[in-house]
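Subject: The structure we talked about

Hi,

Here is the structure I promised to send you.

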Amino acid sequence: MTRPETALQTSPGLPTEVRLALTQIAAAPGAWCPALAADGERVAYVADRSGRPRLEVATLDQRTPPAVVSGPEQEVVSVAWSPDGEWLAYLVSPGGSICAELWVVRPDGTDRRLVAGEDPRCTVFAGGWTARPGHYACTIADGPGADVVLVDVVSGARRTLATGGSWP
């Protein structure tokens, strides 16, 4: 992955001061998709301060530095905190692909696992946590068809709730 500031530094034809200004803007870290824990003490979010969008968890009192809880090579798209505070569900774009995988992890970074989207021809669309602890509903698309699926993030079991048809 080429960082934007590297591409700007080598762009011919731009005046030096413009390249420097654009490099500073492109290198600024961003954070998005905040998800507040049910206890109100922590927040999970996606941040790109490393150059790759990663899942971080921080305490609201900021007494400890944010912890990266996604895998080192994962490009995180979004995050949702479970209502019971036990899990974070997050979408990953493998290698920047348009196909997404659904992963879960404990807020302390343990027990990380892939729970949907292991087939590279499929993509997972974000859904939401249910009132039943440890269950996440999402859409899994395979070509023109798509299913709404309930995933038990502890056992890995899936139950199809609705099946979509093909487009004409």
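Below is what I found, one topic at a time.

First, some ground rules: this is a predicted model, local features need pLDDT of at least 70, side-chain atom pairs count only at pLDDT 80 or more, and totals for chains, interfaces and linings use all residues. Residues are numbered from 1 along each chain as its sequence is written, and side-chain values use heavy atoms, with hydrogens and water left out.

Start with Arg 52, in the loop between strand 2 (42-47) and strand 3 (54-59). Strands here are DSSP runs of E with at least two residues, numbered from the N terminus. Is Arg 52 buried or exposed? Its relative accessibility is 19%, so Arg 52 counts as buried. For these labels, buried means under 20% relative accessible area, exposed means over 50%, and partly exposed is in between (1.4 Å probe, protein chains only).

Leaving aside residues up to four places away in sequence, Arg 52 touches Ala 47, Pro 72, Glu 73, Gln 74 and Glu 75; a contact is heavy atoms within 4.5 Å. By salt bridge I mean a side-chain nitrogen of Lys or Arg within 4 Å of a carboxyl oxygen of Asp or Glu. The backbone oxygen of Glu 73 also lies 3.3 Å from a polar atom of the Arg 52 side chain. Glu 73 itself counts as exposed, because its relative accessibility is 58%.

**Other salt bridges**

How many salt bridges does the structure hold? There are 10. Among them is one between the side chains of Arg 113 and Asp 111 (2.6 Å, N to O). Arg 113 is partly exposed at 22% relative accessible area, and Asp 111 is partly exposed at 35%.

Another joins the side chains of Arg 158 and Glu 118 (2.8 Å, N to O). Arg 158 is in strand 12 (residues 158-163) and Glu 118 in the loop between strand 8 (113-116) and strand 9 (122-129), so the two tie together parts that are 40 residues apart in sequence. Salt bridges that share partners also join Glu 86, Arg 106, Asp 111 and Arg 113 into one network.

**Cysteines**

The structure holds zero disulfides, where a disulfide is a pair of cysteine sulfur atoms within 2.5 Å. For Cys 99, the nearest cysteine sulfur belongs to Cys 122 and is 7.7 Å away. Cys 138 counts as buried, with 2% relative accessibility.

Finally, look for the open sheet of four strands in the order 5-6-7-8, with antiparallel pairing. Two strands pair if DSSP finds at least two bridges between them. Strand 5 and strand 8 are the edge strands, each pairing on one side only. Strand 7 (residues 101-105) pairs with strand 8 over three bridges, in the antiparallel sense. Which residue stands opposite Leu 102? Ala 116 in strand 8 does.

Cheers

How values were computed: A polar contact is a pair of N or O atoms within 3.5 Å; within protein, one must be able to donate a hydrogen and the other to accept it, and residues adjacent in sequence count only if both atoms are side-chain atoms.
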